[in-house]
Amino acid sequence: MENTPERTERKKRLFSAIQPSGEMTLGNYLGAIRNWVAMQDEFDCIYATANMHTITVRQDPKAFRANTNKLYALLLACGVDRSKCLLFHQSLVPAHTELGWVVSTFTQFGELSRMTQFKDKSQSHADNINCGLFAYPSLMAADILLYQADAVPVGADQKQHLELTRNIAERFNGIYGKTFIVPEPYIPKLGARVMSLADPTKKMSKSDENTRAFILVTDPPATIMKKFRSAVTDSESCVCRGENKQGINNLMDIYSAVTGKTDEEIVAEFAGKGYGDFKTAVGEAVIAVLEPIQRRYTELCADMGYIESCAREDAAKAAALAERTMQKVYKKVGLVR
Ligand code: TYM
């Protein structure tokens, strides 16, 4: 990993963010948030709700604001610890959009046109293919480069955006001399791509119209069990991996991610048993992980005023860090600050 001179003595820095576009899914948790928590001791971590990204799709203002604070509370409930990291809302630190604009002038139209997420989202929101949706990866790159992050814990679906971020950083550094750290993606071995329970060829997404497709971190245990029991599988009855067994492959991934069991152990555990037993076991294992989070979440939601004040407090600290990069960038490109 690269480093700037003033950073060599410091811990490596992480940046990551999650959109408050709905509630957190099991995919978000296993693919990203669990790692945010696991990496807090070792790294200097900066985390945000990416609410500026969320308005690329039209939102109901009242629900959106409430969701943003609720997601913050849920992140705390998942174990994000403010004594070890910063956690704030992106909209509270104007430097994200300021650097976003500068970064957009170092991002090519062709590069953005190739982003698979843009292609997918412009299909699902054909009535509102706005410039923000198109330029979204530039803003995401700015989020990361702003804090000189060394690594970015994300699920596999964000890999392409991370590659673009690296290209932009290298391009800018190539023109103006070393300005940005070139960040590495950190994608977990287990849970990097949790698939939909209704169509296991698609990723699990909080914006799926079919609520049976995803597990929410806040789903009551009975709902979680019902969703797993109705998960799409195949017509065989062998709990083992296979080419045309995307449903079972996905359930094995989830089971493995929450229990730490290997494929061999799972196959042995369910030898001679049917899919029904396996689905129940997956449901129980997921509930065991999510129940303590849900209890903490309920407690935290009792005082949303406190939640918003935490976000503001950390945003002020983040803004001070961001300002260092902004000074550097404006000077290099010749903007008056
Ligand atoms: P978002 O809000 O879609 O997802 C948040 C995190 O969850 C991961 N994830 C998944 N992991 C495994 N399986 C899935 N089915 C699954 N679905 C989502 C995502 O990879 C992500 O890590 N653009 C980002 C937010 C963002 C960001 C950033 C991330 C804005 N700025 C800077 C990192 C750095 C997004 O929409 O994530």
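A residue is counted as buried when its relative accessible area is under 20% and as exposed when that value is over 50%. In this structure, which is a predicted model, K227 has a relative accessible area of 8% and is therefore buried. This lysine belongs to helix 9, which spans residues 221–229, and a polar atom of its side chain lies 2.9 Å from the backbone oxygen of F214. When neighbours within four places in sequence are left aside, the residues in contact with K227 are L197, T211, R212, F214, I215, L216 and D219. By the same cut-offs, A271 is exposed, because its relative accessible area is 55%. The position of A271 is in the loop between helix 11 (263–269) and helix 12, and its C-alpha atom is separated by 9.9 Å from that of S237, a residue 34 places away along the chain.

In soluble globular proteins, nonpolar side chains tend to be buried together. The largest nonpolar core of the model comprises 59 residues, among which M24, I33, L75, F228, I254, F278 and V286 have the most contacts inside it. Helix 12, covering residues 275–300, provides the largest share of this core, with 10 residues. For F228, the residues touched beyond four places in sequence are L26, L197, I215, L251, I254, K279, V282, G283 and V286.

Rolling a probe the size of a water molecule over the atoms shows where empty space is left. The largest pocket has a volume of about 1,500 Å³, and of the 49 residues that line this pocket, K121, D157, K203, S205 and S207 are the closest to its centre. Two or more residues of its lining are given by each of strand 1 (13–18), helix 1 (26–38), helix 2 (51–54), helix 6 (116–124) and helix 7 (131–146). Divided by class, the lining of the largest pocket holds 17 nonpolar, 21 polar and 11 charged residues.

The second largest pocket contains about 280 Å³ of space, and the closest to its centre among its 15 lining residues are M52, T56, G132, A135 and L139. At least two residues of this lining are supplied by each of helix 2, helix 4 (95–104) and helix 7, with helix 7 contributing the largest share, 6 residues. The lining of the second largest pocket has 7 nonpolar and 8 polar residues but no charged residues.

The largest cavity contains about 70 Å³ of space and is lined by G22, E23, M24, N67, K70, L71, L74, T218 and Y297. Helix 3, which runs over residues 61–78, gives the most to this lining, with 4 residues, and the lining as a whole divides into 4 nonpolar, 3 polar and 2 charged residues. M24, which lines this cavity, is also one of the residues with the most contacts inside the largest nonpolar core.

The second largest cavity contains about 50 Å³ of space, and its lining is formed by Q117, F118, K121, L133, Y136, P137 and H161. Helix 6 and helix 7 are the elements that give two or more residues to this lining, in which 4 residues are nonpolar, 2 are polar and 1 is charged. K121, which takes part in the lining of this cavity, is also among the residues closest to the centre of the largest pocket.

Terms used: Residues are numbered from 1 along each chain as its sequence is written. This is a predicted model: local features need pLDDT of at least 70, side-chain atom pairs count only at pLDDT 80 or more; totals for chains, interfaces and linings use all residues. Side-chain values use heavy atoms; hydrogens and water are left out. Buried means under 20% relative accessible area, exposed over 50%, partly exposed in between (1.4 Å probe, protein chains only). A polar contact is a pair of N or O atoms within 3.5 Å; within protein, one must be able to donate a hydrogen and the other to accept it, and residues adjacent in sequence count only if both atoms are side-chain atoms. Contact means heavy atoms within 4.5 Å. On a 1 Å grid over the protein atoms alone, a cavity is a set of points where a 1.4 Å probe fits but cannot get out, and a pocket is an open set with protein on both sides within 12 Å along at least five of seven lines; lining residues have an atom within 4 Å of a point. Grid points are joined across faces, edges and corners, and a volume is the space filled by probe spheres set on the points. Ala, Val, Leu, Ile, Met, Phe, Trp, Tyr, Cys and Pro count as nonpolar, Asp, Glu, Lys and Arg as charged, and the others, Gly among them, as polar. A nonpolar core is a set of buried Ala, Val, Leu, Ile, Met, Phe, Trp, Tyr and Cys residues joined through side-chain atoms within 4.5 Å.
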